Amino acid sequence: MRTTLSLKIPKRSVTPLIAVLLLTGTVSLGTACDDDKDYSRREHIEWSNSPEFEEALTGTLHIPVRASKEQDATPFKRSIYIRSNVAYQVGFEGEKEESGELPAEEWLNVDEIKRGVRPGIDELVLLITPHTESYVERKGCISLHTDVEFLNEFIAVVQGFPKYTKDYEGNFDWLKYGSAEPLETRGETPIDSWTADQKKMGLESTPAQEGGTAYCYGKNGYVKLGDDVGHGANLLTPYDPGIRNDTAAMVRFNAIAYAAADGTKDNDELTVRITGGRQFADGTTEKTVRVGHLDPTAAELPTAMWKNSQQEFIIFSHPKNPFTSNTRMELMAGKYEMESGNTRIFIDNLYVLRLKWYDFEELFGKLPWEQNAPRH
C-alpha cells in the first residue's frame with residue numbers, strides 16, 4: 001500500500017523539509033497527501049507492514065514501547081517492507097522528547113536492509129530502544145529518498161502514548177525545592193506554597209482535618225506524600241475533560257517508601273483510587289499496593305531510589321460507570337492522621353495516558369476483552 005505521507009520534492013530539499021514537518025506538526029496521524037502522488041509514472045517507492053503489501057496503512061508506523069515485559073530494557077527489532085524500482089537511501093529524524101530519556105534521534109536506528117526478500121521488495125530492519133520510563137509518546141520520521149526528482153516517501157513513527165493534560169509535566173522536573181536527596185527535608189515545600197505557575201499544572205492535595213494543611217511536599221524533581229509525625233497525604237491528577245470521549249487509559253507512576261539511614265522503615269501501602277467515573281478491569285475503583293522501600297545505603301540515592309519502582313494500571317470506561325469530565329486519579333499514602341507510624345511515599349513520573357485498542361496487544365499481548373476487561 002502507498003503511504004499517505006508521500007511528498008513530491010527534489011532530493012536536495014529532503015532534510016530541511018523533514019525538520020520543518022516535525023517542528024510544525026505536519027507529520028501526524030491521519031494526514032493524507034495521496035493527492036500528491038503521480039500514479040502515471042513508472043518509478044515508484046512505497047512501504048508496508050507486511051511483505052504481501054495487503055493491509056491498508058494509516059500513514060503512521062506505531063512502535064511498541066517494549067518487546068515484552070521480560071525484555072523491558074533490551075533493544076528489539078521491527079521490520080517494515082519497501083517496494084521500489086529505484087535506488088533509495090533511508091534516514092530517520094526524531095522530534096525533541098519531553099521525557100528526556102534519550103536524545104530523540106537515538107531511539108530508532110536502521111539495523112539492516114535485506115534486499116530482495118521478494119521480487120522488488122526489501123525488508124527494512126529497525127532497531128528500537130524500549131520506552132520503559134514515562135511512556136509519553138515520542139515521534140519521528142523515516143525518510144525514503146531517491147535520486148529521482150519528486151519521488152520520496154516519509155513515514156511518521158510514533159512510540160508511546162499521548163498525555164491527556166498537555167500543560168502538565170508529570171516528571172516533576174519543574175519542582176526545584178530543597179535537595180534531591182530523599183533523606184534531606186530542608187527546603188521541601190508544601191503544595192499550598194508552590195508558585196502560581198506550578199499550581200496551574202492542576203495537581204491538588206486534600207487538606208487533612210488538623211489545621212487544614214495538606215502534607216504533600218514538592219522536592220527537587222519529585223513529590224513527597226506524608227510527614228514524620230504521623231500525617232499521610234494524597235495527590236490528585238489534573239482534570240481533563242477529553243477523557244470522557246475515550247474507552248481506556250493508562251495510569252503510570254514511580255512510587256517508593258521512605259527508609260531512614262538507620263534502617264527504620266515507614267509503612268509502604270499506597271491506595272490508588274479513581275474518582276469521578278470509571279473503573280479498573282475487575283470492576284473496582286480502588287486498589288492498595290505495596291510499593292517497597294528505598295535503600296538508604298545506595299550510592300547516588302536520588303537516582304537509585306527509583307529502581308523497580310514503576311506502577312501502572314489500566315482504567316476503563318464502563319457503560320454503567322463511564323469516564324466523565326471529572327475523572328481523576330488519586331494516590332493516597334496512609335491516612336490523613338495515623339495513630340502510630342509514618343507513611344512517607346515519594347512519587348515521580350505521574351501520568352494519565354490515552355490508549356487505543358492496538359496498544360493492548362503491543363503492551364500486554366492481549367486485547368482488553370481477553371483480559372476480562374469491560375467490552376464495549
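Is Cys216 buried or exposed? At 0% relative accessibility, Cys216 counts as buried, where buried means under 20% relative accessible area, exposed over 50% and partly exposed in between, using a 1.4 Å probe and protein chains only. Cys141 is buried too, with a relative accessible area of 0%. As for disulfides, taken as pairs of cysteine sulfur atoms within 2.5 Å, the count is zero.

Some ground rules before going on. This is a predicted model, so local features need pLDDT of at least 70 and side-chain atom pairs count only at pLDDT 80 or more, while totals for chains, interfaces and linings use all residues. Residues are numbered from 1 along each chain as its sequence is written, and side-chain values use heavy atoms, with hydrogens and water left out.

Now for the inside. A nonpolar core here is a set of buried Ala, Val, Leu, Ile, Met, Phe, Trp, Tyr and Cys residues joined through side-chain atoms within 4.5 Å. The largest one has 41 residues, and Phe172, Phe253, Leu270, Val272, Ile347 and Leu350 touch the most other members. Among the elements that give it two or more residues are strand 10 (216–218), strand 14 (269–275) and strand 19 (345–354); strands are DSSP runs of E, at least two residues, and helices runs of H or I, at least four, numbered from the N terminus. Strand 13 supplies the largest share of this core, five residues. Apart from this core lies another, of 19 residues, including Leu108, Ile142, Leu144 and Val157.

Take Phe253 and skip its neighbours within four places in sequence: its contacts (heavy atoms within 4.5 Å) include Leu270, Val272, Phe313, Leu331 and Leu350.

Next, the rings. Phe, Tyr and Trp rings (for Trp, the six-membered one) pair if their centres lie within 6.5 Å; planes under 30 degrees apart are stacked, over 60 edge-to-face, and the rest tilted. There are 10 such aromatic pairs in the structure. Tyr168 and Phe172 make an edge-to-face one, 6.4 Å centre to centre with 70 degrees between the planes. Tyr168 is buried at 4% relative accessible area, and Phe172 is buried at 0%. Tyr258 and Phe346 have ring centres 6.4 Å apart and planes at 50 degrees, so that pair is tilted. Because Tyr258 lies in the loop between strand 13 and strand 14 and Phe346 in strand 19, the pair ties together parts 88 residues apart in sequence. Ring pairs also link Tyr168, Phe172, Trp174 and Trp194 into a cluster.

Finally, charges over rings, meaning NZ of Lys or CZ of Arg within 6 Å of the ring centre and within 35 degrees of the ring normal. Lys224 lies over the face of Tyr217, 5.2 Å from the ring centre, and the charged end of Arg252 sits over the ring of Tyr135, 5.7 Å from its centre.
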